[in-house]
Amino acid sequence: RADAKDLEQAEAIYGGAVGMRQELAQANPRAYMPDVAGTLNNLALLHKDTNALEQAEAEYSEALEIYRELAQANPRAYMPDVATTLNNLALLHKDTNALEQAEAEYSKALEIRRELAQANPRAYMPNVATTLNNLAILHADTNALEQAEAEYSEALEICRELAQANPRAYMPNVAMTLNNLANLHANTNALEQAEAEYSEALEIYRELAQANPRAYMPDVAMTLNNLAALHADTNALEQAEAEYSEALKIRRELAQANPRAYMPDVAGTLNNLALLHKDTNALEQAEAEYSEALKIRRELAQANPRAYMPDVATTLNNLALLHKDTNALEQAEAEYSEALEIRRELAQANPRAYMPDVATTLINCAIFYKDSHEDREQSIHMADEAYQILLPFQDQAPYTKAYLEMAQAILQHWGANQNTR
């Protein structure tokens with residue numbers, strides 16, 4: 001990734017190019033307006049990557065307007081650019097949670113690309129598959145799971161056909177779409193389908209990695225991690241342990257060459273392996289893995305607290321659960337307290353995203369003060385605060401109802417009611 005100085009230079013170059021081309025386009029719009037739109041698109045990509053999202057949106061929108069006008073005179077030449085810019089704008093709107101706009105833009109891009117593919121399937125069917133995949137990701141995230149499944153399935157069918165003619169170019173797309181479809185099937189409890197899809201994706205990525213390990217070993221590790229999570233959920237614990245362990249080995253090797261890119265994945269896999277070892281009562285291994293994950297995430301958070309402090313809190317919470325179970329109560333109490341403090345700070349900046357995490361940590365603390373280190377007042381206070389926090393979220397996710405019930409059960413245990421604060 002480029003550093004700040006490189007990005008400033010690129011921004012200055014693109015900005016200057018836009019200004020110069022706009023001047024040229026005043027005298028000869030036919031010749032130079034395509035260049036204005038292309039440079040606006042590049043500038044928008046840069047601004048999106050540097051989180052200047054309002055600027056990026058304005059630039060994509062202006063580029064889209066120009067391409068639409070050009071396409072009226074010459075649809076064959078410029079409709080592909082209209083579709084590409086719609087796709088880019090949809091990616092931006094998805095990232096900024098403007099999901100209805102994103103869906104409309106992806107849908108329009110898909111409609112255009114289907115029409116283009118009728119005339120030239122070889123050139124445009126890959127774009128149809130890409131847009132289907134993007135739309136499926138959006139629909140999966142918004143719980144429109146049947147639509148997402150249909151879109152992933154169609155994208156997969158297209159990618160398989162393309163790979164028959166050109167396996168080198170399109171087998172990575174087959175593997176990626178299989179992985180996405182497997183994620184969907186895992187989340188909808190179609191576990192046999194998910195296992196088959198992850199396994200096929202893994203086989204493809206292993207073959208690709210033999211020819212190009214630098215490019216595809218990260219994908220091997222990602223798919224191993226996904227398959228391990230599935231096997232852990234289906235109680236195939238030996239398989240899960242082997243897959244997590246192989247994923248961890250690969251990610252450690254990748255991190256030696258590029259720690260900035262891959263140390264977060266090392267920490268994530270350590271955390272997953274620790275969860276597994278805790279569940280199989282290999283508690284010393286679990287403690288060592290959580291501790292290493294926590295150390296890595298603290299270091300990452302020093303450089304980028306916004307991105308990694310949530311992970312620090314999650315690992316502290318997991319470690320506290322382990323220490324509670326092994327009767328290391330002082331450590332558990334300290335870890336719960338730090339996790340709660342971090343999540344409260346995160347919730348001040350983004351309450352919608354992090355208040356549920358505050359509540360779940362409060363409930364863990366309330367259980368701790370009920371069962372392990374009895375403190376009636378603390379337990380009641382924390383359970384009641386969690387209950388009040390979760391009430392507005394109760395219809396947003398299934399787990400919130402379960403935690404509300406836990407908060408009620410704690411309060412009932414102490415003979416207390418809600419609103420005791």
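**Exercise 1. Classify Arg298 by its accessibility, then find its salt-bridge partner.**

Step 1. The relative accessible area of Arg298 is 33%. Buried means under 20% and exposed over 50%, so Arg298 is partly exposed. The model is a predicted one, and the percentages are computed from it.

Step 2. The side chain of Arg298 meets that of Glu338 in a salt bridge, 2.7 Å from N to O.

Step 3. This pair links distant parts of the chain: Arg298 belongs to helix 13, Glu338 to helix 15 (residues 329–349), and 40 residues separate them.

Step 4. Glu338 has a relative accessible area of 27% and is therefore partly exposed.

**Exercise 2. Describe helix 13: its span, its buried residues and what they pack against.**

Step 1. Helix 13 covers residues 283–303, 21 residues in total. From its first C-alpha to its last it reaches 31 Å, close to the 30 Å expected at 1.5 Å a residue.

Step 2. The buried residues of helix 13 are Ala286, Glu289, Tyr290, Ala293, Leu294, Ile296, Arg297, Leu300 and Ala301.

Step 3. These buried residues pack against two helices, helix 12 (259–279) and helix 14 (305–325).

**Exercise 3. Trace the salt bridge between Lys278 and Asp325, and name the network that holds the pair.**

Step 1. The side chains of Lys278 and Asp325 form a salt bridge with an N to O distance of 3.0 Å.

Step 2. Lys278 is in helix 12 and Asp325 in helix 14, so the bridge ties together parts that lie 47 residues apart in sequence.

Step 3. Lys278 has 21% relative accessibility and counts as partly exposed. Asp325, at 47%, also counts as partly exposed.

Step 4. Through salt bridges that share partners, Lys278, Lys324 and Asp325 are joined into one network.

**Exercise 4. State how many salt bridges the whole structure has, then work through the one between Glu200 and Arg160.**

Step 1. A search of the whole structure gives twelve salt bridges.

Step 2. One of them joins the side chains of Glu200 and Arg160, at 2.7 Å from N to O.

Step 3. The two partners come from distant parts of the chain, 40 residues apart: Glu200 is in helix 9 (residues 191–211) and Arg160 in helix 7 (residues 145–165).

Step 4. Glu200 has a relative accessible area of 28%, which makes Glu200 partly exposed. For Arg160 the relative accessible area is 34%, again partly exposed.

**Exercise 5. Is Leu132 buried or exposed, and which residues does Leu132 contact beyond its neighbours in sequence?**

Step 1. Leu132 is part of helix 6 (residues 121–141).

Step 2. The relative accessibility of Leu132 is 1%, so Leu132 counts as buried.

Step 3. With neighbours within four places in sequence left aside, Leu132 is in contact with Leu110, Arg114, Glu151, Glu154, Ala155 and Ile158.

Step 4. For a separation across the model, take Asn235: Leu132 and Asn235 are 33 Å apart, C-alpha to C-alpha, and 103 residues apart in sequence.

**Exercise 6. Give the volume of the largest pocket and sort its lining by class.**

Step 1. Rolling a probe the size of a water molecule over the atoms shows where empty space is left.

Step 2. The volume of the largest pocket is about 410 Å³.

Step 3. Its lining consists of Lys94, Asn97, Leu99, Asp141, Thr142, Asn143, Arg352, Gln396, Ala397 and Pro398.

Step 4. Sorted by class, the lining of the largest pocket has three nonpolar, four polar and three charged residues.

Terms used. Residues are numbered from 1 along each chain as its sequence is written. This is a predicted model: local features need pLDDT of at least 70, side-chain atom pairs count only at pLDDT 80 or more; totals for chains, interfaces and linings use all residues. Side-chain values use heavy atoms; hydrogens and water are left out. Helices (H or I, at least four residues) and strands (E, at least two) are DSSP runs, numbered from the N terminus. Buried means under 20% relative accessible area, exposed over 50%, partly exposed in between (1.4 Å probe, protein chains only). Contact means heavy atoms within 4.5 Å. The expected span of a helix is 1.5 Å times one less than its number of residues. A salt bridge is a side-chain nitrogen of Lys or Arg within 4 Å of a carboxyl oxygen of Asp or Glu. On a 1 Å grid over the protein atoms alone, a cavity is a set of points where a 1.4 Å probe fits but cannot get out, and a pocket is an open set with protein on both sides within 12 Å along at least five of seven lines; lining residues have an atom within 4 Å of a point. Grid points are joined across faces, edges and corners, and a volume is the space filled by probe spheres set on the points. Ala, Val, Leu, Ile, Met, Phe, Trp, Tyr, Cys and Pro count as nonpolar, Asp, Glu, Lys and Arg as charged, and the others, Gly among them, as polar.
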